[in-house]
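Here's a quick tour for anyone meeting this model for the first time. Take a look at it, then read on.

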Amino acid sequence: ILSPKATDKKYFSQEEFLRISELKDNLIERALYGCVTIPNWSEFTTTLNDIFNLCSQVNTGEQASYIPQLKRVNPNAWGASVCTVDSQMWFAGDSEIDFTIQSCARPISYCIALELLGLEEVTKYVGNEPSGQRFNAFTLNERNLPHNPMVNAGGIMINSLIAPDLSRAERFELITKYWNRLTGNSRVQFDNPTYLSELDNADRNFALAYFMKSVGAFPPTINIKHTLEAYFQACSLLTNAKQMSVVAATLAAGGVCPLTGERVFSAETVRSCLSMMHSCGMYDYS
């Protein structure tokens with residue numbers, strides 16, 4: 001909630017105090033009694049600042065180029081954020097610069113599908129084991145299903161399961177509302193240029209989808225074009241490091257957003273998602 005510089009002060013401004021007091025988890029009272037996740041917050045954030053400054057010297061690597069719009073992202077932007085399950089928050093650098101979530105959409109889309117359909121139904125259409133292949137490989141498991149929800153084929157399949165009977169606008173609204181709740185009711189935006197860039201360079205994903213359709217992997221009434229549009233839209237949502245740290249804290253808290261106290265996902269949904277991320281969430285060879 002406070003910037004790194006604010007942690008050096010011995011008092012809060014009125015605005016800062018009011019922001020903290022609006023939290024629904026009695027943070028002030030628990031902080032006074034030392035009943036928070038990280039009691040020695042000053043020492044913890046000092047270590048984070050040291051790590052942040054050390055990593056800021058790294059200038060290797062390059063932007064993703066498989067989507068032209070991603071190649072245009074500023075390579076010098078550098079920000080980081082941490083949010084605990086007690087809503088203690090630290091951030092530094094360009095932590096409020098927006099970026100498209102891309103493959104980070106997959107775990108959340110998986111959670112949404114689980115909330116809407118339940119684990120048993122979702123497992124009829126996607127597996128739960130690593131593929132051992134590249135993230136966009138043309139490979140299915142022995143049941144002719146995607147190996148897991150974290151690879152391209154699985155991400156496409158999961159999006160086909162999210163409220164397919166709704167209109168495309170209603171479906172997109174449903175997904176963005178979940179993201180807004182996960183980030184503590186901050187408004188997640190949408191990057192239309194990235195979406196269009198993805199759509200214009202989606203030959204492999206279209207091929208993957210029709211490959212799965214050819215073997216009967218999808219539910220029978222699924223519209224492939226609408227499914228892929230929903231998939232690309234989810235990948236093109238805009239967020240920033242601060243918001244994503246709240247999303248991570250919400251998962252760490254078993255589905256309860258630490259900033260609002262709202263339960264966004266059930267504990268069962270989060271357990272299934274985190275298990276999947278642990279075993280299959282490392283992109284290539286997942």
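## A first look around

Let's start with Asn 180, which lies in helix 8. Helices here are DSSP runs of H or I with at least four residues, strands are runs of E with at least two, and both are numbered from the N terminus. Bear in mind that this is a predicted model, where local features need pLDDT of at least 70, side-chain atom pairs count only at pLDDT 80 or more, and totals for chains, interfaces and linings use all residues. Residues are numbered from 1 along each chain as its sequence is written, and side-chain values use heavy atoms, leaving out hydrogens and water.

Is Asn 180 buried or exposed? Its relative accessible area is 16%, so Asn 180 counts as buried. (Buried means under 20% relative accessible area, exposed means over 50%, and partly exposed is in between, with a 1.4 Å probe and protein chains only.) Setting aside neighbours within four places in sequence, Asn 180 is in contact with Asn 185, Ser 186, Arg 187 and Val 188; contact means heavy atoms within 4.5 Å.

Over in helix 13 you'll find Leu 274. Leu 274 is partly exposed, at 37% relative accessible area.

| Residue | Relative accessible area | State |
|---|---|---|
| Asn 180 | 16% | buried |
| Leu 274 | 37% | partly exposed |

Now for helix 5, which runs over residues 105-117. Its 13 residues reach 18 Å from first C-alpha to last, close to the 18 Å expected at 1.5 Å a residue; the expected span is 1.5 Å times one less than the number of residues. Helix 5 is mostly covered, with 10 of its 13 residues buried, including Pro 107, Tyr 110 and Cys 111. What do those buried residues pack against? Their partners include helix 8 (168-182) and helix 13 (267-280). Just after helix 5, Gly 118 takes a positive phi of about 90°.

Zooming out, the chain has 13 helices and 5 strands. Of its 286 residues, 47% count as buried. Its C-alpha trace spans about 65 × 40 × 35 Å along the principal axes. Among contacts between residues at least 6 apart in sequence, 69% join residues at least 24 apart.
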